[in-house]
Each structure stands twice: as C-alpha cells, then as structure tokens.
Amino acid sequence: MTEPDRTIDGVAKTIAEVLEKKKYSIDYYQREYKWESKQIAELVADLTAKFLTLYDPDHSRKDVAKYPGYYLGSIVISQKGSQPFVVDGQQRLTSLTLLLTFLRRLQEGREEVVNIDELIYSEKFGEKSFNLDVPDRNDCMHALFEHGEFEPPSEAAESVRTLVDRYAELDGLFPEELKERALPFFIDWLKDRVQLVQITAYNDDDAYAIFETMNDRGLKLTPADMLKGYLLANMTAGEPRTQANDRWRKSLRNLDERAEEAGSDFLKTWLRSQYSTKIRERRKGARPEDWDRIGTEFHRWLRGASDSVGLKTHEDYRRFVVRDLEFYSRQYMRILDASTGLFQPDSPLRFIRFNADLGFTLQNQLLLAPLRVDDNAAAIDKKLELVGRFTDILLARRIWNFRATAYSTMQYAMFTVMRDIRGLSEGDLAGFLRDYLGKIDESFDFDGLHVHQQNRSQLHKILARLTDHITVRSGRASNYMELTNGAKVKYEVEHIWADHPDRHEEEFAHETAFARHRNRIGDLLLLPKQFNASYQDETYAQKRPRYFSQNLLAASLDPQSYEKNPGFLTFIKDSGLKFHAHEEFKTADIDERGALYQAIAMQVWNPDDLGLVVEGDSL
C-alpha cells in the first residue's frame, strides 16, 4: 500500500500567482458562499485604504512595483493529483473573484486596460470556465462577467443570490477617486503586490488538520484579543483585572453568539462613535485618519491614542472596560436585535430595522454616538429613535432623488454627523438632526422617480413603507414584514400597466416613451409573485377588481375600497391625501398616483416628527 504524501508547502503568492490560469474545486459540503455586506465592505475598504496610503498621482505605473506587499491572509489547498481543492479560504477567493470581475467591467471603454481575464476564467477549446469551479454558480458568474447583472431564478441556490447581492454592492463600495486615473494602478497593485500565503497539503487529512489548527479559537489571537491584553495589562492585578476580564469575555461572547464577528464589529463601531475625530480627506494622496485606522487596526490605534481617549491611570483602564464597554455593548446588542430580530411595529427602535433592510450599516455608529453612560433608559430610547428616524428620512430622500446610499458614498458625511452629535442631549440632538435635513437638497418634491434594474430592491422597501403607512393609519395591523420579508408569500414590484405598448398607442408614438412612463412610481405596486405570474398580462379593467383583495395601496384603485371601509375613509379625511378609485388608468392617472405617492412619502418621512419624539408625542 502506497504511503500518502505528507509534504506540506507554505508559500507567499500574489493574487495573480494564486488565480492566473488556475482552476480550483470546492468540496460539496462547503460550497455555500456566505459573506454578508459588512464583510465585502471591509475587504474593499482594507484594500483601497492601504493602496491610497501608497499611491501618488505623480507616480507612473512602474512605480507600483516598488509599493510594499500587502498580506491578505492565508488559504489552505488540498492537492488531489492534478486537481487543487480549496479547504480554507473560498469565501475570500470568491470575493476577490467578484471584485476582479467588477474591476474588469469598470475598465470597459478605457484606453489603458489591465488584462485580468485570466485571473477570473480560463479558456480551452473555445469554452470559458471559471477558476473557482462550482457548477451551480456558473450561469451567475458568466452573466456578471459579461453583463454585470443576473436575475436568479426562483430555484437558485442561496450562494447564487448572495453572489448577486455582493456584486451589486461593489460599485457603491469602490471609491470614486479610484475609478479614474488611479484605476490601472490599483489593479496592478491588487494582482501583483497583494499576497496570500498558500498552504498546500497533498492529502485531505493533513489539509484539514492544518485548517482546524489555524481556526482553533484558543490559539488564534484576534485584534480583539490583543486589545484586551493591552487593556488588562494596564490595570491593577487581582480583583480589578479579574472583574474586567470577566466583563469583557461575557460582553463579546454574547455578541459573537448573536452574529458572526459581532464582537469585533462592535469594538470598531464603539471606538469610532465615541473617539474618532478625523477621517481621511476625499482627495488624492490623503492619509488614513483615526476613523480609518480604527476600521483596520483598532488594537494598534488605541495604544497610540490612549491619552486622548482618557486612559492614564489603572482605574481609567478598568472603568473603560467594566463601565464603558459594558454599557455600549448592551446598546449595540439592542441595535443588532432591532436590525434583524423580531420586528415590533410600535417600538421606538423600528426605524433601525427599516435602515438595516436597506443595507445601511453606517447607521450603527450614528446610533451609538449620542449615547452617554449616565443616560437613563428613556433617554437612550429617545436618542436611538431620533437617530433612527433621521437616518430613515435621509435614506428615503436620497433614494427618491436617485442619490447613492452606498457605504463609500456616505461614509464621509455620516462621519461628520456622528462626530457632531456625540454626547448630545435629546433636545439638542433633535434640533441638530432636523436642521441637517433642512439644509440638504433632496426632498420628495422631485416627481421623476422611476424603477430600473439597480434601484428595484430599494423601491421595494419604499413601496412597502408607503403601503404599511396607510395600512396602519387605517387601523389595521402592520404589514411591512409581510411585504419585505414574507416567508410564505414573496412580494415583487409590479407594474399596473401590462407590458403591451400596443394598448396605449393613442398616448405614445414610440415604445420607448411608453416604457419610460410605465416605469414611473405612480404605476407601481407591491403584489405577491404568484399574482404577478397569473395576471400581469391582463388589461387594467381585468386587474382592477383583483386588486381589491390585495394590500390597501393596491386595493385603493378599486371603487369597492371606498364602501363600508370606515378606517380607510377616516384616514383619508384626516390625512388630506387625495385617494380615489380609478375607473381607467391612463398617462394622467399614473401622474396623479405619482403625486399621491409623493404626498404619502412626505407624511411617512416628516422631519417635524423628530421634535415630537422629544415631546413624547411621536407615532
């Protein structure tokens, strides 16, 4: 019997050396791609922030070869004959492949192009195959590679949906300043200066033994572990240190049990919200400041910033853990619960859920910023509601006006808000946030909102909020979660007009004009996917009676909604909204419904509600 090869190789390789003209398989039991928004955001932020510390506009591309290497972690490969299998690192390799695919498309039409195709796929006998060979992802990856978008079929694996979601986020995460002259420099650096340590074993037993050893939580020191060690070392030995250690372990363990890496995310969010005073300026050549450094090396940052944080005596260090960390970690846990836990439509924290459903992770540092360790429970809830409402209004206005809400676009503005609301009282906080909203350009006066491929998911949430508002105000139970997160019934953004321009030839001379008007907000509803499949091609006259059995926004098109419906009729009277049935639905009707949606939006996202929170009269 042949003895297995027990050789183990460990080599530092560039991204190009790892991926170019290579083909990796992934064992079936670990094929799911599970990275969430925050993880892809951190990867892009780490890479781009490091590159910007090295790049100078006066450099030529050959200068990139002199940039220091950047270590991105390790991968473990099991070499089975001629076929390498990824044992550890497929999440990172998959995410890098998505980033490379995005960068490839970002280069289209440019004179100076860095060829990275062979890092993404290889070609043999005229057939393309991707370097990460996972059959159930191939259709998705091919569509993203060729077109930059993919609509997953209903039977698609969860990994495919995650791939599409993470790819769609890359444009907003990638800094605008790197999309112009610096782009080829960044791609050169990424492929030839960013490194992974590739550990290769030649049998599965050794490969998985390495994997288990590297991921043993008792052996692997994380930045959080190193920060704890630094803080404890500066406390008085004995009971104070023991108390602080117990408090730290309990707080971070509770968070990590709540969500993957939640403890580390909390430390970054807490330190940023309470102590960061500067962020890297939005200009070429600018250097990372404390906000940026906390995101990438918070354990090192605190060592250098201990005086400014107020850590000077043994007691300061003890209090920093047993009082401050304990307080802010509890509030962070409440934020996590409000973001993804059981939705409570009457809770003052419900706005946190609305913002989280839009993928706006920057809200967490805003939420912690005004909190003070001596705040009572009522003050804490009011501050969280104020910041949640403010963020909700800000995001809705930006979406309505086709303004980006992505991480990289919003981080500078949200840093300044976070810094300026730090430690404010409820009254001062409400005044500041209301004044801020009064100064921005975006409002619901804009009447050109329409659906397109990139904003469909956001408009789904906007329509859900409009629908839920009139539902609740009419005395019925909230249906927000049903419309957005329904487990049994999936809702879709649906057009009232069927896609038949021939039915509207008297109003439109060209199909493009018909399509443009059909996509306007006034022609849109949220309806169950099964409803859409059954009735989407029907005429309006056929569909209108069917709408009566659906949610109230859809039902309001039909005359039956205005009969024996006292809650809805009272709401119409009290709100002043111009609801009425539409016997037919022409161009003017779409415009009229659009104006109605605008009026509802002004009530849903009303800055005056911020003052009512402080007065105790908010809804």
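Reader: Hi! Looking at H13 and H14, how are they oriented to each other?
Author: Hello! H13 and H14 are roughly perpendicular to each other. This is a predicted model, by the way.

Reader: Good to know. What angle do they pack at, and how far apart are the axes?
Author: Helix H13, residues 314-340, and helix H14, residues 350-357, pack at an angle of about 65°. Their axes are 7 Å apart. Since 65 to 115 degrees counts as roughly perpendicular, the label follows from that angle.

Reader: Is that crossing left-handed or right-handed?
Author: The crossing of H13 and H14 is right-handed.

Reader: And which residues make the contact?
Author: From H13 there are Ile-335, Ala-338, Ser-339 and Thr-340. H14 brings Ile-352, Arg-353 and Ala-356.

Reader: How do those divide by type?
Author: The contact of H13 with H14 has 4 nonpolar residues, 2 polar and 1 charged.

Reader: Changing topic to H9. Which of its residues are buried?
Author: In H9, which covers residues 223-233, the buried ones are Ala-224, Leu-227, Lys-228, Tyr-230, Leu-231 and Leu-232.

Reader: Several of those are three or four places apart. Why would that matter in a helix?
Author: An α-helix has 3.6 residues a turn, so residues three or four places apart point the same way.

Reader: Thanks! What covers the buried residues of H9?
Author: The cover includes helix H10 (239-258), helix H11 (262-275), helix H12 (290-309) and H13.

Reader: Let's pick Leu-227. Is it buried or exposed?
Author: Leu-227 lies in helix H9 and is buried, because its relative accessible area is 2%, where buried means under 20%.

Reader: What does Leu-227 touch?
Author: Leaving out residues up to four places away in sequence, Leu-227 touches Trp-248, Leu-267, Phe-298, His-299 and Leu-302.

Reader: Now the whole chain. How many helices and strands are there?
Author: The protein chain has 27 helices and 10 strands. Its radius of gyration is 27 Å, close to the 25 Å that the globule rule gives for 619 residues, so the chain is as compact as a globular protein of that length.

Reader: And how much of it is buried?
Author: Buried residues make up 51% of the 619 residues.

Conventions: Residues are numbered from 1 along each chain as its sequence is written. This is a predicted model: local features need pLDDT of at least 70, side-chain atom pairs count only at pLDDT 80 or more; totals for chains, interfaces and linings use all residues. Side-chain values use heavy atoms; hydrogens and water are left out. Axes are lines fitted to C-alpha atoms, for helices over the stretch in contact, and angles run from 0 to 180 degrees between N-to-C directions. Helices (H or I, at least four residues) and strands (E, at least two) are DSSP runs, numbered from the N terminus. Angles under 35 degrees count as roughly parallel, over 145 as roughly antiparallel, 65 to 115 as roughly perpendicular and the rest as oblique. A crossing is left-handed if the near helix is turned anticlockwise from the far one by less than a right angle, and right-handed if clockwise. Contact means heavy atoms within 4.5 Å. Ala, Val, Leu, Ile, Met, Phe, Trp, Tyr, Cys and Pro count as nonpolar, Asp, Glu, Lys and Arg as charged, and the others, Gly among them, as polar. The radius of gyration is taken over C-alpha atoms; the globule rule is 2.2 Å times the number of residues to the power 0.38. Buried means under 20% relative accessible area, exposed over 50%, partly exposed in between (1.4 Å probe, protein chains only).
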